[in-house]
Amino acid sequence: MREIFDQFLKEKRYLTNVSPQTIKYYEWMYNRWNHHIGKFPTKENIKEFVIKIRESDITVYTANSYIRGINSFLSWLYENEYTKEHLKIKKLKEPEKFLKLFSDEQIKRLLNYRPKTFAQKRLYAMICFAFDTGARIEEILNLRREDIDFDNLLVLVTGKGDKERILPISIECRKHLYKFLRLHEYQMAFPKRNGERQSYRTALQLFKTLCKKLHITGVRTSWHTIRHTMASHYVRDGGNVLYLQRILGHSDLSVTKIYVKALPEDLKLVHKKTSLVGRYK
């Protein structure tokens, strides 16, 4: 089975052009399958796989992550005539949960931060860009000087699967990008001191450290939380969800909708505006 799986990885890498991170995800999925089943997929043992991973006390979300990877492999097996039947595992029902976003006060603390060192100014420019565009952290780290069109307030980013898209930026964001880029002459927009690409681990740790310094608690201090916060505010302030889909780089609108689930605070605001009792009493 390993030879077949290696062929699956080759085609995903060279024909579908998936990212190295996705290849690692498929490897991770295969290792789980091999650990629990270790045989070629059949109608019977794919059910056994779900039972095994659920017995291992992982969350429903992690289980569905395994299932997504297995289903991709199962589809490939059928398309390449390794199986006569298109096998598929049904996703488990996930309990609805709301990702806590940065509050208005926390956003103000981050955007009103006054950096002093090169690393601090780099981090601040990245934060401004993330809040302004909702770009993924990997897209931000891979951004190059030549990708920024200051005159037209546009930035070219490369997302998952090496798909390019153009993001609009505000005049205020342009100002912060321009000021930081004047501090170095490297091609990477947010480089290390030697011009090399900054690592994800470093960017995350620096962001968490700043959040701790600014006493930002009660929320997951990650770059992805900024992305969710931007998406929520975009729709809350009247933005079109179809435009948001293009901005975030989602191929499926259903993924975008996950980012903009109505939070209790949003429902309260809307209800205050639309309540008939509040209007007529």
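Trainee: Which residues of H9 are buried?
Mentor: Ala203, Leu204, Phe207, Leu210 and Cys211. Buried means under 20% relative accessible area, exposed means over 50%, and partly exposed is in between, with a 1.4 Å probe and protein chains only. Helices (H or I, at least four residues) and strands (E, at least two) are DSSP runs, numbered from the N terminus.

Trainee: Where do they sit around the helix axis?
Mentor: The buried residues of H9 fall within an arc of 130° seen down the axis, so they line one face of the helix. The arc is taken from the directions from the helix axis to the C-beta atoms.

Trainee: And what is exposed on the other side of H9?
Mentor: Arg201, Lys212 and Lys213 are exposed there.

Trainee: What covers the buried residues?
Mentor: The cover of H9's buried residues includes helix H5 (104-111), H6, helix H7 (137-141) and helix H10 (223-236).

Trainee: Before I go on, where does this model come from?
Mentor: It is a predicted model: local features need pLDDT of at least 70, side-chain atom pairs count only at pLDDT 80 or more, and totals for chains, interfaces and linings use all residues. Residues are numbered from 1 along each chain as its sequence is written, and side-chain values use heavy atoms, with hydrogens and water left out.

Trainee: Okay, the big picture. How many helices and strands?
Mentor: The protein has 14 helices and three strands. Of its 281 residues, 40% count as buried. The C-alpha trace spans about 65 × 60 × 35 Å along its principal axes.

Trainee: Back to the inside. Which residues have the most contacts in the largest nonpolar core?
Mentor: Leu110, Phe129, Phe190, Phe207 and Trp223, in a core of 45 residues. A nonpolar core is a set of buried Ala, Val, Leu, Ile, Met, Phe, Trp, Tyr and Cys residues joined through side-chain atoms within 4.5 Å.

Trainee: Which helix gives the most to it?
Mentor: H6, with ten residues.

Trainee: How far apart are the ends of H2?
Mentor: Its end C-alpha atoms are 25 Å apart. The expected span is 1.5 Å times one less than the number of residues.

Trainee: Switching to rings. How many aromatic pairs are there?
Mentor: There are 20 aromatic pairs. Rings of Phe, Tyr and Trp (its six-membered ring) pair if their centres lie within 6.5 Å; planes under 30 degrees apart count as stacked, over 60 as edge-to-face and the rest as tilted. One of the pairs is Phe118 with Phe180, tilted, at 5.3 Å centre to centre and 40° between the planes.

Trainee: What does that pair tie together?
Mentor: Phe118 lies in helix H6 (residues 118-133) and Phe180 in helix H8 (residues 171-181), so the pair ties together parts that are 62 residues apart in sequence. Phe118 is buried, at 10% relative accessibility. Phe180 is buried too, at 3%.

Trainee: Which charged residue lies over the face of Phe118?
Mentor: Arg193, at 4.2 Å from the ring centre. A charge sits over a ring if NZ of Lys or CZ of Arg is within 6 Å of the ring centre and within 35 degrees of the ring normal. The charged end of Arg2 also sits over a ring, that of Tyr30, 4.8 Å from its centre.

Trainee: Last one. What is phi at Glu81?
Mentor: Near 65°, a positive value in a residue other than glycine. Most residues other than glycine have a negative phi. Glu81 is in the loop between H4 and H5, and is exposed, at 72% relative accessible area.

Technical notes:
Contact = heavy atoms within 4.5 Å.
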